[in-house]
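Here is a short briefing on one protein model.

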Amino acid sequence: ILKKQGEDYSIDIFDNQGALLAGSEHMDFKRQEFEQPEFKIAPSKEYGYAIRLGEDKVKTVYVAIPIIENGRWIGFVRISTPLLYIEKTIYRLRDYVIFIFIFSIPISFLISIFLAQSISRPLIEMTKAAKKISSGDLNSHVNIKRRKDEIGILVNTFNEMVDRLKAIHDERKTLFDNISHELMTPITTIRGFVETICEGKVKDKKVVEECFELIKKESDYLE
């Protein structure tokens with residue numbers, strides 16, 4: 001197993017006695033290196049791990065994984081990489097995160113403006129419509145695109161309320177017109193008889209009594 005050019009890790013294979021069987025770097029492995037902490041794998045773990053100085057005096061991360069056959073360890077695979085490469089990767093990730101964060105600020109700002117307008121615009125329209133309604137204009141409605149959220153429900157309820165107010169207003173107007181008509185008919189009759197009697201146009205006492213009787217009848221109807 002050889003280390004490819006440009007790769008930043010090494011792979012070594014050992015038997016269970018610490019003999020180096022294959023290595024991606026070199027074959028002059030010292031058997032006492034088998035005592036390094038990454039090889040001290042507890043039975044409850046699946047790998048060993050250590051950060052220490054390598055032969056080139058560079059801080060390196062070592063991970064040793066046991067090779068198991070028929071329930072017993074027959075060797076190890078050790079992967080090592082200088083901590084410098086890991087730090088470079090972390091720095092790159094940090095730069096990516098910073099870039100994404102900076103890039104997301106204006107996007108978040110635009111999204112927040114859009115959301116604020118989508119919420120405030122119907123409320124502003126309802127405020128304007130409510131002012132028109134208070135001044136007597138019952139033809140005001142809030143026109144927005146169909147929405148199924150709480151704002152849409154509120155707008156639909158508001159428009160239904162306006163329609164109901166208009167219907168009540170029309171019913172009241174019709175009622176008042178009918179009442180006015182019903183009142184004006186007997187009043188006109190009473191006024192006519194009173195004017196006739198007061199002007200002395202009726203001399204017959206019996207006719208006058210009949211006029212008074214009709215006036216009383218119309219008064220009872222008004223009551």
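The model is predicted: local features need pLDDT of at least 70, side-chain atom pairs count only at pLDDT 80 or more, and totals for chains, interfaces and linings use all residues. Residues are numbered from 1 along each chain as its sequence is written, and side-chain values use heavy atoms, with hydrogens and water left out.

**Overall make-up**

- The protein has three helices and five strands. Helices (H or I, at least four residues) and strands (E, at least two) are DSSP runs, numbered from the N terminus.
- Starting at the N terminus, the order of elements is β-β-β-β-β-α-α-α.
- Of the 223 residues in the protein, 23% are buried. Buried means under 20% relative accessible area, exposed means over 50%, and partly exposed lies in between (1.4 Å probe, protein chains only).
- The accessible surface of the protein is about 16900 Å². Carbon and sulfur atoms hold 61% of that surface. Areas come from the Shrake-Rupley method with a 1.4 Å probe, and for residues only the protein chains shown count as cover.
- Take the contacts between residues at least 6 apart in sequence: 37% of them join residues at least 24 apart. A contact means heavy atoms within 4.5 Å.

**Helix α1**

- A kink of about 30° lies at serine 104, shortly before proline 106. The bend at a residue is the angle between axes fitted to the seven residues ending there and the seven starting there.
- Leu83, Ser118, Pro122, Met126, Ala129 and Ile133 are buried in α1.
- The cover over the buried residues of α1 includes β3 (48-53), β4 (59-69), β5 (72-82) and α2.
- Glycine 136 follows α1 and has a positive phi, near 105°.

**Helix α2**

- The 49 residues of α2 reach 70 Å from first C-alpha to last. That is close to the 72 Å expected at 1.5 Å a residue.
- Buried residues in α2 include Ile151, Gly152, Val155 and Phe158. Asn159, Val162, Pro186 and Ile190 are also buried there.
- The buried residues of α2 pack against α1 and α3.

**Salt bridges**

- The count comes to four salt bridges. The rule asks for a side-chain nitrogen of Lys or Arg within 4 Å of a carboxyl oxygen of Asp or Glu.
- Side chains of opposite charge can pair when their charged atoms come close.
- Aspartate 95 and arginine 94 meet in a salt bridge at 3.5 Å, N to O. Aspartate 95 is partly exposed at 39% relative accessible area, and arginine 94 is partly exposed at 46%.
- Lysine 173 pairs with aspartate 177 in a salt bridge, with the closest N and O atoms 3.4 Å apart. Lysine 173 and aspartate 177 are four residues apart in helix α2 (residues 150-198), so about one helical turn separates them. Lysine 173 is partly exposed at 48%, as is aspartate 177 at 41%.
- Aspartate 220 and lysine 216 form a salt bridge, with the closest N and O atoms 3.3 Å apart. They are four residues apart in helix α3 (residues 205-222), so about one helical turn separates them. Aspartate 220 is partly exposed at 41%, and lysine 216 is partly exposed at 48%.

Definitions and conventions: The expected span of a helix is 1.5 Å times one less than its number of residues.
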